[in-house]
Amino acid sequence: MGKLGMAVASMACVLLLLGVALIPSPGYDIELQADVHGNTASVTVRISGNDHANTLSLVGASLNEVRNDTMIIVSDDDNRTMLGEATSMFDHMQAEAQLRGVALDLKMAQIDELPALFYGENAIIVMFGHDGEMGEAAQQWVERGGVLVGFGPHSIPFVGENMIMDLDFSPYEFSEDDIESSSVADALALDTVAPRVGMGTDSVLENGGEPIGYSCLGMESLALFPMGEGRLLMFSAHPSTPILTSGADSMASDLFRLVMSGMIWKNGEIQHITIQYVPGGGVWQFEMSRVADMRITAISLEKWETLFAAVDLN
Amino acid sequence: MRLLPRLSRATLYLVILGVVVRLLLAPFTICTFDQYPFYISSIDMLSGVGIYGHAYYAYTPLFMVTAYPFLWLLQLVLPLSQFGTDVPSMVDVAQLSGMVTPFVTAPAYNLVIKAPVIIADLLMGLMIFRMVDERWGRPWSERALLFWMLNPLVIWITAVTGQFDVLPALMTVMALMAFHRRSYLLCGLLISLGVFFKIYPAFLGVFYLSVLLVSRYDSNLARFRDVALLAAGALLGLVIMSPFLLFSDQMLEYLGRRSAQTVFGGMNLYCLVPYLISHICKEVVTEGGWRLNPSMLATFVALGGAALLSMLAALRLKGRAITDKGDWTVLCQGNVMVIAAILLTQPVTNPQHMLWTLPFLILLLAKEPRRIWAIAALSVLGALYYLSLVTPAAVLYPLGVYTPIVDVGALNQIILGYHDGGGIMTQVGATALISVAGFLVILGTLLPERYDISTIVGRWLQRRWGELHG
């Protein structure tokens with residue numbers, strides 16, 4: 001073996017060792033415990049094995065329901081833009097679930113499967129396409145207890161001008177100085193701050209919705225609409241550039257946080273505590289007001305060392 | 001083999017200048033759009049969830065693997081929270097241009113993530129020098145070294161935008177050296193490692209296999225042995241990458257889903273007819289209901305074109321043994337042909353992809369001086385193409401965010417002004433013009449001298465220059 005061979009062999013050995021070092025093996029962990037004393041919930045958070053500082057959000061809320069529905073991302077293979085968005089959403093959602101150690105039943109489906117889905121059992125259906133003729137079935141499925149997730153105008157078959165839900169969609173003017181966050185967006189540090197399209201605040205409220213994202217100059221980025229036994233969660237726009245503030249990555253992260261914290265089923269105000277933790281972790285104790293059917297969620301907010309835990313107090 | 005060859009004093013100083021320029025530019029410049037997935041992958045690696053943790057990094061893994069030791073050292077002195085920062089004031093620019101991400105990485109991070117590519121840049125220069133020196137001696141070897149080290153496009157891609165194409169390119173150049181030395185195991189290994197940086201070296205594997213199949217051998221047993229060695233080298237590469245293949249299915253999953261991409265264009269076939277191609281492909285539906293989308297068609301065109309050219313290039317060595325200088329040149333030309341086929345037919349061809357072919361064009365310079373025009377044209381067009389997309393201001397955000405030298409608002413205004421501007425040369429017009437020119441120059445590298453557009457234009461310019469200056 002010549003000197004070139006020796007050099008390449010050495011390089012190959014180093015790469016093999018680095019490859020072994022990079023096998024995913026997060027060593028950090030979180031424990032969340034809550035004890036009820038009368039009207040108070042004593043919450044203990046224990047973080048261990050972390051090498052980096054991070055921020056943890058502790059969110060408590062009363063929920064109408066606690067469910068672990070299958071999440072189905074519906075795409076349209078004939079529409080390359082929709083397919084790309086749906087695929088990206090699937091990848092990021094799957095990554096979020098794996099990183100946070102959550103068993104999320106995640107599937108993809110085609111739009112021609114929608115009729116069966118809308119006559120089927122409860123689920124979270126994430127809509128990246130529909131054939132426009134399923135409005136009534138979709139509405140009835142939601143009212144029976146389904147959760148439908150839409151992305152801007154034309155994404156939900158019963159939302160639009162002269163339809164069951166008439167929402168006002170207009171270009172969303174992002175202004176750093178004028179943006180306001182809802183309590184949910186604040187607590188979960190939602191990423192989607194700059195969608196291309198917004199929903200008029202008035203039209204959200206007129207249709208019985210609650211803004212739960214960011215608000216800027218009378219436009220909303222995200223809203224939750226209780227409908228019968230179910231929910232419609234509307235992102236105001238399709239994923240777009242740039243990533244981080246407007247893309248499928250940010251919307252996937254937001255959707256994950258909203259679903260796993262139970263915020264899509266929230267009933268009333270939320271309680272929120274922020275913890276700044278350091279390498280090596282620690283133990284923290286807090287008290288929260290006990291409310292009926294309460295879920296307490298702990299979620300780390302930065303992208304590294306992703307922690308998640310939840311406890312339900314029934 | 002001496003790592004550092006004896007160079008003339010002037011060449012040595014110029015090489016040092018090339019390295020210093022890279023080191024000075026690296027911390028304060030970055031392509032925010034391309035860098036964000038690298039940043040996420042960096043923090044994923046450092047927090048123990050692997051390269052593909054958050055599903056942003058969508059390449060084969062070796063670039064991040066080479067960056068890992070540098071990043072690990074960095075996190076000892078810089079907290080992850082200070083690797084980069086959100087810059088909300090960039091959102092408008094990001095939305096308008098589609099080529100900016102409102103997140104700017106810190107100078108220390110920029111230097112560290114670019115360290116492997118700057119080192120690879122220097123190694124590539126030295127490899128080119130050695131290979132040319134062995135065949136044609138000085139001054140060709142020193143010229144070739146400087147053509148690489150002082151090439152503005154190479155500096156732009158590695159030190160400014162921080163793209164890592166020089167790494168797979170280095171593997172392919174080393175594979176050429178190994179193949180010519182009849183180290184087929186080594187050649188197979190280098191091609192395989194190249195594939196784990198970016199996919200395209202796989203086509204060069206087809207080329208080398210074809211060469212072995214058509215070359216003169218005394219016995220089929222000897223031919224079988226060499227083919228087996230090449231294949232064994234490639235398998236060895238798979239073994240080295242086994243941690244990524246065995247312990248995580250994310251790599252194959254994310255790479256597989258990239259066929260859903262919707263982007264076409266750049267300096268390739270699709271700069272001319274994207275809408276036509278898109279329309280044609282939309283109509284192609286097979287009886288089984290399986291739909292052929294444009295990116296899949298483009299992938300098939302690239303696969304078929306590159307594989308066909310690989311075999312055609314290999315046919316030039318039919319019946320010859322791979323030993324003399326002439327065959328080395330044919331091997332080099334084969335690399336140029338295969339890479340040109342990939343560049344012309346892949347769905348997107350960006351400036352950084354020029355680094356795949358530039359080393360081989362430089363290696364051919366002494367034998368084929370006309371290649372100087374293609375090198376010059378690709379270098380200039382590659383740099384202009386990037387600038388036409390978003391202006392030079394787009395790479396200066398680290399300077400704006402982390403120093404008082406430039407104001408972020410001013411950078412935003414430059415980019416917004418460029419995109420809003422009309423006049424003779426709009427952003428779309430400039431990009432289209434450069435794309436077409438780039439396509440023609442790459443096509444010219446495949447063609448005989450009299451049809452090579454860069455040579456024709458270059459020589460015409462040379463004559464005009466001569467006439468003007470007596």
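This is a predicted model: local features need pLDDT of at least 70, side-chain atom pairs count only at pLDDT 80 or more; totals for chains, interfaces and linings use all residues.
In chain A, seven strands make up an open sheet with mixed pairing, in the order 5-4-6-7-15-14-11. Residues are numbered from 1 along each chain as its sequence is written, chains are lettered from A and ligands numbered from 1 in the order in which they are written, and side-chain values use heavy atoms, leaving out hydrogens and water.

**Sheet pairing**

- Helices (H or I, at least four residues) and strands (E, at least two) are DSSP runs numbered from the N terminus, and two strands pair if DSSP finds at least two bridges between them.
- Strand 6 (residues 124-127) and strand 7 (residues 147-151) of chain A are parallel and share three bridges; I124(A) has V147(A) in strand 7 as its bridge partner.
- Helix 7 (residues 248-260) of chain A packs on the sheet, with contacts (heavy atoms within 4.5 Å) to strands including strand 4 (71-75) and strand 15 (230-235) of chain A.

**Strand 14 of chain A**

- Strand 14 of chain A is largely enclosed by the rest of the structure, because five of its six residues are buried (under 20% relative accessible area, with a 1.4 Å probe and protein chains only).
- Strand 14 runs antiparallel to strand 11 of chain A, with two bridges; P211(A) is bridged to A223(A) in strand 14.
- Strand 14 is also antiparallel to strand 15 of chain A, with six bridges, and P226(A) has R231(A) as its bridge partner there.
- Strands 14 and 15 of chain A form a hairpin with two residues between them, and G228(A) in the turn has a positive phi of about 60 degrees.

**Residue Q139(A)**

- Q139(A) lies in helix 4 (residues 135-143) of chain A and is buried, at 15% relative accessible area.
- Leaving aside residues up to four places away in sequence, Q139(A) touches F158(A), I164(A) and M227(A).

**Second largest cavity**

- The structure has three cavities of 30 Å³ or more; a cavity is a set of points on a 1 Å grid over the protein atoms alone where a 1.4 Å probe fits but cannot get out, and lining residues have an atom within 4 Å of a point.
- The second largest cavity holds about 50 Å³ of space, and its lining includes D249(A), K303(A), H54(B) and Y56(B).
- Helix 2 of chain A gives the largest share of this lining, three residues.

Notes
Axes are lines fitted to C-alpha atoms, for helices over the stretch in contact, and angles run from 0 to 180 degrees between N-to-C directions. On a 1 Å grid over the protein atoms alone, a cavity is a set of points where a 1.4 Å probe fits but cannot get out, and a pocket is an open set with protein on both sides within 12 Å along at least five of seven lines; lining residues have an atom within 4 Å of a point. Grid points are joined across faces, edges and corners, and a volume is the space filled by probe spheres set on the points. Buried means under 20% relative accessible area, exposed over 50%, partly exposed in between (1.4 Å probe, protein chains only).
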